Amino acid sequence: MGTVITWWGHAACTVEDSGVRLLTDPLFVRRMAHLRRRRGPVPPPGASVADAVLISHLHSDHLHLPSLAGLTPGTRLIVPRDAERSVPGLRRLDARRHPAGLRITEVDVGDEVEIGAVRVRAVPASHDGRRLPVGPHRSPALGYVISGASRTYFAGDTGLFASMADAVGPVDVALLPVGGWGPRLGAGHLDAGRAAEALVRLAPRAAVPVHYGTYWPIGLDAVRPYEFHGPGDEFVRKAAELAPKVTVHLLRHGESVAAGGEP
């Protein structure tokens, strides 16, 4: 069956490959600060079950401490270099300090981690990776390539960058951000059109749009609502124009698809 992808909303996905279950950037709450989950239920407890969790960067909607605290003790947590120094709350979750904590591994671009039968390689992302609203720029923003029965690229948050294809390498499935959580996207992000351009560069067999249509600022429901509702469908249209050989799987929250593996 190859790789199975489940989208939980925002950037949170479960990637199941070769008997290994990986979870990306879990954000499993109804509300975070000024953001409210407007579509899809909060994922069930089973969504937090994983052999390892991949954190792309330190922004609170990607490295969310309460969601990480809900992981099974002993779960492997892969985070960008210097994450514990930049986010002191991570230390309270570290199994080296607390027996019921998580096994935290910090990585930088090019590092590889073996998790069961799969290999996870950290790749660069074009994004401000520091903990906001304040914090030194110590930790890089990362994407990850998961290699097992297939090669799955989780982009995290990123803009287009010149070396993207070379840095990521050949992949079968691309999990690409196509929107955000507010009326406008700043630098270092992909919208639907730029994500379709990324498909041209990466040439995967399949893609899943993520990072849209889940959270929105409280009180701004009527401000540019298309930016909340539209990016997934827009990505499907743009991908059909620019990269027609790529199969795009437009998932609902909690929905899974088998993708990747041998054609």
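Is Met 32 buried or exposed, and what is its relative accessible area? Met 32 is buried, with a relative accessible area of 13%; buried means under 20% relative accessible area, exposed over 50% and partly exposed in between, for a 1.4 Å probe and protein chains only. The model is a predicted one, in which local features need pLDDT of at least 70 and side-chain atom pairs count only at pLDDT 80 or more, while totals for chains, interfaces and linings use all residues. Residues are numbered from 1 along each chain as its sequence is written, and side-chain values use heavy atoms, with hydrogens and water left out.

**Met 32**

- Met 32 is found in strand E4 (residues 31-32); strands (E, at least two residues) and helices (H or I, at least four) are DSSP runs, numbered from the N terminus.
- Leaving out residues up to four places away in sequence, Met 32 touches Leu 27, Ser 60, Asp 61 and His 64, where contact means heavy atoms within 4.5 Å.
- Met 32 and Glu 16 are 16 residues apart in sequence, and their C-alpha atoms are 27 Å apart in space.

**Aromatic pairs**

- The structure holds two aromatic pairs. Rings of Phe, Tyr and Trp (its six-membered ring) pair if their centres lie within 6.5 Å; planes under 30 degrees apart count as stacked, over 60 as edge-to-face and the rest as tilted.
- The rings of Trp 7 and Tyr 212 are stacked, because their centres are 5.2 Å apart and their planes stand at 15°.
- Trp 7 lies in strand E1 (residues 3-9) and Tyr 212 in the loop between strand E14 (206-210) and strand E15 (215-217), so this pair ties together parts that are 205 residues apart in sequence.
- Trp 7 counts as buried at 1% relative accessibility, and Tyr 212 counts as buried at 6%.
- Trp 216 and Phe 228 form an edge-to-face pair, 5.6 Å centre to centre with 75° between the planes.
- Trp 216 belongs to strand E15 and Phe 228 to helix H5 (residues 226-229), so the pair ties together parts that are twelve residues apart in sequence. Both Trp 216 and Phe 228 are buried.
- The charged end of Arg 38 sits over the ring of Phe 228, 4.6 Å from its centre; this term requires NZ of Lys or CZ of Arg within 6 Å of the ring centre and within 35 degrees of the ring normal.

**Two buried histidines**

- His 10 lies in the loop between E1 and strand E2 (12-17) and counts as buried at 2% relative accessibility.
- The side chains of His 10 and Asp 61 are joined by a polar contact of 2.8 Å. A polar contact is a pair of N or O atoms within 3.5 Å; within protein, one must be able to donate a hydrogen and the other to accept it, and residues adjacent in sequence count only if both atoms are side-chain atoms.
- Beyond neighbours within four places in sequence, the contacts of His 10 include Leu 27, Trp 181 and Thr 214.
- His 253 is placed in the loop between E16 and strand E17 (256-259), and is buried with a relative accessible area of 17%.
- The side chain of His 253 makes a polar contact with the side chain of Thr 214 (3.0 Å).
- Not counting residues up to four places away in sequence, His 253 touches Trp 7, Arg 37 and Gly 213, among others.
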